[in-house]
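Here's a quick briefing on a protein model for you to read with the structure open. Take a look at the picture, then work through the points below.

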Amino acid sequence: MIIDDSIITMNSLMWLFLAAFMIHDFEEIIFVESWMKKNYQRIHKLVPSSLGNMIRNMSDIKSSQFAIAVFIEFIVFIPVTYLAAEHNSYILFVGVNSLLFIHVFTHLGQSIYLKSYTPGVITGLIVVLPYSLYLFYRMLNEELVSMKDILLYAPSGLILIPLVMFGHKLGKIVIRE
């Protein structure tokens, strides 16, 4: 199947990042609380002890608390996307999209390791993975970035790790049981 790249502008494709991110995170928000309640006892026995604290911290997460972290990310992604789409500044955009792309494989790996559905795996595979592949294909094809640029810019996405951790802590403070 050949895709006609003229159907969607690069500018529109970049702005669609926000939609791809939210569709994926809606799945996580909707299912994380009930999934964790149902599966915590089983998964905490299966995960390596080095991840025990993280799993324990997530064991009582409320969907509304998780949504706070997603909200914080989304607020940061708006100016990141704006800078890329409107001002050709791609460093952070490539970074956060690289991390989102890799995130798909963490969901897939979790599902394989746990031999079950994990929140985010479905939209990761049917929304984020195709979006990410097509975005990077277009950025490379239209020479907005090179493969060297992608590899160089990808680590900038690591700024999301403390941001997500902050969002989850804030969620537990703002939304109490």
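Start at Glu143, which sits in the loop between helix 5 and helix 6 (147–153). Bear in mind that what you're looking at is a predicted model.

- Glu143 has a positive phi of about 55 degrees, even though it is not a glycine.
- Is Glu143 buried or exposed? Its relative accessibility is 71%, so it counts as exposed, because the exposed label applies over 50%.
- Lys115 is another residue to look up: its phi is near 55 degrees, again a positive value in a residue other than glycine.
- You'll find Lys115 in the loop between helix 4 and helix 5 (121–141), and helix 4 is followed by this residue.
- Lys115 has a relative accessible area of 75%, so it is exposed.

- How far apart are the end C-alpha atoms of helix 4? They are 35 Å apart, and that agrees with the 34 Å that its 24 residues should span at 1.5 Å a residue.
- Quite a few residues of helix 4 are buried, among them Phe93, Val96, Leu100, Val104, His107 and Leu114.
- What do the buried residues of helix 4 pack against? Their partners are helix 1, helix 3, helix 5, helix 6 and helix 7.
- Zoom in on His107, whose place is in helix 4 (residues 91–114). With a relative accessibility of 4%, it counts as buried, because the buried label applies under 20%.
- If you skip the neighbours within four places in sequence, His107 is in contact with His24, Glu28, Thr118, Pro119, Gly120 and Val121.

**Helix 1: a bent one**

- Helix 1 has 37 residues, but its end C-alpha atoms are only 43 Å apart. A straight helix would reach 54 Å at 1.5 Å a residue, so helix 1 falls short of that.
- Where does helix 1 bend? Look at Tyr40, where the bend is about 65 degrees.
- Leu13 is found in helix 1, and its relative accessible area of 3% makes it buried.
- Leaving aside neighbours within four places in sequence, Leu13 touches Ile8, Tyr131, Tyr134, Leu135 and Arg138.
- Leu13 and Gly120 are 107 residues apart along the chain, and their C-alpha atoms are separated by 22 Å.
- Phe31 lies in helix 1 too (residues 10–46), and at 39% relative accessibility it counts as partly exposed.

**Salt bridges**

- How many salt bridges turn up in a search of the whole structure? The search finds 3.
- One of them pairs Glu33 with Lys37, and the closest N and O atoms are 3.3 Å apart. Both residues lie in helix 1, 4 residues apart, which is about one turn of the helix.
- Glu33 is partly exposed, with a relative accessible area of 21%, whereas Lys37 is exposed at 57%.
- Another salt bridge brings together the side chains of Lys172 and Asp60 (2.7 Å, N to O). This pair links distant parts of the chain, 112 residues apart: Lys172 is in helix 7 (residues 160–174), and Asp60 is in the loop between helix 2 (52–58) and helix 3 (63–87).
- Lys172 is partly exposed, with a relative accessible area of 30%, and Asp60 counts as partly exposed at 36% relative accessibility.
- Glu142 forms a salt bridge with Arg138, where the closest N and O atoms are 2.6 Å apart.

Notes
Residues numbered from 1 in each chain as written. Predicted model: local features only at pLDDT ≥ 70, side-chain atom pairs only at ≥ 80, totals over all residues. Heavy atoms only, no water. Helix = DSSP H or I, 4+ residues; strand = E, 2+ residues; numbered from the N terminus. Buried < 20%, exposed > 50% of the residue type's maximum accessible area, 1.4 Å probe, protein only. Bend = angle between axes of the 7 residues up to and from the residue. Contact = heavy atoms within 4.5 Å. Salt bridge = Lys/Arg side-chain N within 4 Å of Asp/Glu carboxyl O.
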